[in-house]
Amino acid sequence: MACLPLPCDTAAHLALLTYDDARAAADPRATVLAFLESAYQAGARRAGWDTSKLRTQYAP
């Protein structure tokens with residue numbers, strides 16, 4: 001898992017986005033969404049999910 005410029009422990013597969021870090025970002029909403037997407041993708045890869053089969057045309 002690649003770490004964002006945030007506290008991250010790749011050995012424990014843990015990434016943290018603190019409230020203060022999100023609020024201090026130039027675009028807090030985009031920062032939180034990018035963090036959540038990154039966490040989802042990392043978890044999906046680790047679980048061996050084929051995320052292309054989970055995509056829908058109704059929620060791009």
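Buried means under 20% relative accessible area, exposed over 50%, and partly exposed anything in between, with a 1.4 Å probe and protein chains only. I wrote that down before opening anything else.

I am working on a predicted model, where local features need pLDDT of at least 70, side-chain atom pairs count only at pLDDT 80 or more, and totals for chains, interfaces and linings use all residues. Residues are numbered from 1 along each chain as its sequence is written, and side-chain values use heavy atoms, with hydrogens and water left out.

**Confidence.** I checked pLDDT, the predictor's confidence in each residue on a scale from 0 to 100. The mean for the protein is 81, with 75% of residues at 70 or more.

**Layout.** I count elements as DSSP runs numbered from the N terminus: helices are H or I with at least four residues, strands are E with at least two. That gives 2 helices and 2 strands, in the order β-β-α-α from the N terminus.

**Burial and surface.** How much of the protein is buried? I get 10% of the 60 residues. For areas I used the Shrake-Rupley method with a 1.4 Å probe, and for residues only the protein chains shown count as cover. The accessible surface is about 4,900 Å², and carbon and sulfur atoms hold 57% of that.

**Contacts.** A contact is heavy atoms within 4.5 Å. Taking contacts between residues at least 6 apart in sequence, I find that 16% join residues at least 24 apart.

**Aromatics.** Rings of Phe, Tyr and Trp (its six-membered ring) pair if their centres lie within 6.5 Å; planes under 30 degrees apart are stacked, over 60 edge-to-face, and the rest tilted. The count is 1 aromatic pair. Tyr40 and Trp49 have ring centres 6.3 Å apart and planes at 55°, so I log the pair as tilted. Both partners are partly exposed: Tyr40 has a relative accessible area of 35% and Trp49 one of 49%.

I then followed Trp49, which sits in the segment after α2. Leaving out residues up to four places away in sequence, Trp49 touches Tyr40, Ala44 and Leu54.

**Patch.** Which residues make the nonpolar surface patch? Val32, Leu33 and Leu36 do, over about 240 Å². Patch residues need over 30% relative accessible area and no salt bridge; nonpolar side chains (Val, Leu, Ile, Met, Phe, Trp, Tyr) are joined within 5 Å, like charges within 9 Å. A salt bridge is a side-chain nitrogen of Lys or Arg within 4 Å of a carboxyl oxygen of Asp or Glu. I looked at Val32 separately: it lies in helix α2 (residues 28-47) and is partly exposed at 31%.
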